[in-house]
Structures are given as structure tokens and as C-alpha cells.
Amino acid sequence: MSVDAIGLSESLLKGVKACGYKQLTPIQQQAIPVIRTGVDILASAQTGTGKTAAFTLPILDKLSHSAEEGVHILKALILTPTRELAIQVNENIQAYAQFMPLKSTAIYGGAGMAKQEKTLKEGVDILVATPGRLLEHMQLRNVSLSQVKCLVLDEADRMLDMGFLTDIERIASSFKHKHQTLMFSATFSNKVKTLANQLLHTPKTISVAKQNTTSGKVKQAVYWVSEARKRELLSELIGVNNWHQVMVFAGTRDSANQLAKELKLDGIKAALCHGEKSQGARNKALEQFISGDVRVLVATDVAARGLDIPSLPYVVNFHLPFLAEDYVHRVGRTGRAGKSGTAISLVSPKDEKFLGNIEELIGRRFDKIVLPGYEMTDAEYSASKKTISNTEKKNRYQATQEKNRSIAKKKTQVKSGKASVKTKKGRAGKRR
């Protein structure tokens, strides 16, 4: 279906076409007409299917009929799990609305409060935010949700995985007025369904693909190799096949650091993206990766959520994720917007349990490829098995700690916001 066929306002259609849009994706074809009716929706779409445009275009189209130059009242709120995704969604909105008198902004942790406060008080029509930072601004009375007509939860499953349930509930409880709620998720987990029951009223369910599946455009393969030779095999695959722009998922920040170091020793330029890196360092690593200055971006799940990497051709699971659902998200980084991609998993005996969980989730069995020269001896098999008791426990612990630190940091920021409010009130009382 052509973008001309859905009756977008002239200024919005001009902006959409300037972005190169010609045809609607399946999720856009299904979601846009339903969203326009004003009902709540629970939508499932894999990463890279055009879901951002699916919810932003009808919102922008509706706002276009009441937009006034110089008048900006918050009418739409979009919640995202990460700052990277918030930035990406806001950039898309600004591109679509480039010929419209609308303002949007993104607020997220890791950036200064003062600049965000100034922008909010000047007024915006659409706000993209991470839950923790939004609560801080709400507590400081920098933003009011009283006129919001549409609430969007983007990547709802990710927000729940990252521990944002309480924050989402607190934000949702501030909506005392009638509004539309749109929930988008890659998977319909039990947690997502429970949240949907809390927030959505007689929602319309939209799904463009079988749940918990990966894109048919992505070629997936599993290489059977001992744990000790994974890095060697990875370097060979990259070098022999002349791969560029390879995103590699490591289990923990420590294993990511070690892997990046070893790849560099092999002559393969690699950058790092994990929770201990500052936002500036992560942005620089992403820029180097997209520009081609480095061939490999080694990342952890926590840091990789929401990263926007156009036309990413290769994803490698150096370590399989502990949660099978995370495999779907990782693989979803490639093969986006109808393009093809390749996802490789390096699997040793200690990964067999995780592989089994993934196969059960996506309904597919993988043949284990053994590359000549990497056949596993009985001794190597036993050695890989033995690493489960110690290394695996350490990796599990570090991954949990990294996620907990991320959640705790956000909670600390929220509490800090509360303290600031109390301090301001206390000073005001003294002045009186």
C-alpha cells in the first residue's frame, strides 16, 4: 500500500516522502487505521518492521489538524526503555514533522536536567521519555500530563525486563482523564499481557508475525565449537568472509572487554558498548561502527537495547543469552525493514541448555555446523562442560549485577528528584 493511500495531511505526507517512504510496511498498514479510530491497541511487531512510523504517523496526523504556530501543549507521550531508543524515536518524529509547526523532544537519564527543564517549560507537542527521567521531571513539576491524549509504550517487554513496571504504573496513575493507550512489544510475554490488562481498555490486538519468531529475512546458523576456541573461530569467520559491520553480543561487560581486546590483537578493529561505558563513549563507539572505522561492535544486552544501526548485516552471539526472548531481540537487530541479514551463534557444550530454550521458543531446530579444523575433542568437550559450574555462575552473576545497577541508578535518580522537590518546598516555607 502506498503512503499516498492513507490520507495523511499535506504537510505530514510531504515530510514522510522527504524521508524516502513510498510503501507502508505490514504493521503500518494494520495499525494506522486502527489507531485513527481512537481505540487502545496491543501490537506485536519485530524490530525493524516500521513500528515507530506505525504509531507516530497517526499521532502526527491528528495533531496536524489542531497545530498552531508558537503554541505547544503536550498532547502525546511516548515511553521507551532506553535513551538510545528515545533519541531515535524523537529524530524520526522530527523528520516526519519537518514541515509542520509541531515540537517534540526526548528526555532521558545521563543528560543534564537543566536543558531538558528549559525545553519542557517552553512547551512541546510530543514528548519521548524514559520512565525514570520522566518521573524526575514530574516530581519537579517541569511537565504536566493533564492534556495528554495519547500514551505510547514502545518496546513494552523491554521496559518490563529492565524493571520499569513500578515507574510505568506511577506514570499511568497520573492519567485521570480519558486518553488512548498504544502498547507495542516484540513479544507477548505473560508480563506484557498482565500490564496490558492493567492499562488498556478493550484493546484491539495487532500482530504481523507469529509470536516469538525471528524474521524470515535473517539467515541463522549455529557453529559448534569449544568455549576456548570461540574467539579464534569468530576472527576466522570475520576475516575469511570479509565481514564488515558485525555486532557481537557478549554475556558480560568483562567478557566484552576481553573479546574486544583479543579481536584487536587479531588485527580486527573493535569498539565496546556496555553499561560501564559513559554515554559519550557509547555514542562514539556507535558512530565509529556505523561509519566503518571499526568492523566489530562488541556489546552487552543492557547497552544494546534501542541502538539504531541502519542496514546491520551481521549479528553474532558469542554467548547465548540467559533468556530465550533476548535471542529474538538480538537477531532482530539485523534483517530490518525488509532487508536480509545473517545471525551466527557460537555454541559450546555449556550453551546447550540455552540453545534448547531458544529452539523451543521460536519453534525451530538448528543443525550444528562444525567448521573443519574446529572439531571438538573429548577433552575439549569435557573442559567446556566443566566451565559451567564456575564461569557460568560468574557470568550469570555479572549479567544480573549489570542489570541491577542499571535499575538501581534509575531509582536513585528518581529519589534524587524527590529530594530536590522537598528541598525546594522547604526553602519556600522558610521564605514565607
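Glu287 belongs to helix H12 (residues 279-291); helices (H or I, at least four residues) and strands (E, at least two) are DSSP runs numbered from the N terminus.

The model is predicted, with local features requiring pLDDT of at least 70, side-chain atom pairs counting only at pLDDT 80 or more, and totals for chains, interfaces and linings using all residues. Residues are numbered from 1 along each chain as its sequence is written, and side-chain values use heavy atoms, with hydrogens and water left out.

Next, display the open sheet of seven strands in the order S10-S11-S9-S12-S13-S8-S14, with parallel pairing; two strands pair if DSSP finds at least two bridges between them. Strand S10 (270-273) and strand S14 (368-369) stand at the edges with a single partner strand each, so one side of each has no neighbour in the sheet. Select S10 together with strand S11 (residues 296-299): they run parallel and are joined by four bridges. Within this pair, Cys273 has Ala299 of S11 as its bridge partner.

Move to helix H15 (residues 352-362), whose buried residues are Phe354, Leu355, Ile358, Glu359 and Ile362. These cover an arc of only 140° around the axis (taken from the directions from the helix axis to the C-beta atoms), which puts them on the same side of H15. Lys353 and Glu360 are exposed on the other side. H15 lies across strand S8 (218-224), strand S13 (341-347) and S14, at about 155° to S8. Contact here means heavy atoms within 4.5 Å; axes are lines fitted to C-alpha atoms, for helices over the stretch in contact, and angles run from 0 to 180 degrees between N-to-C directions. Gly363, which follows H15, has a positive phi near 70°.

Finally, select the open sheet of seven strands ordered S3-S4-S2-S5-S6-S1-S7, again with parallel pairing. Its edge strands, S3 (104-107) and S7 (204-207), each pair on one side only, and the twist averages 15° from one strand to the next. Strand S5 (residues 150-153) and strand S6 (residues 180-185) pair in the parallel sense over four bridges, and Cys150 has Gln180 in S6 as its bridge partner. Helix H4 (residues 83-96) lies across strand S2 (76-79), S3 and strand S4 (126-129), running at about 175° to S3.

Methods: Buried < 20%, exposed > 50% of the residue type's maximum accessible area, 1.4 Å probe, protein only.
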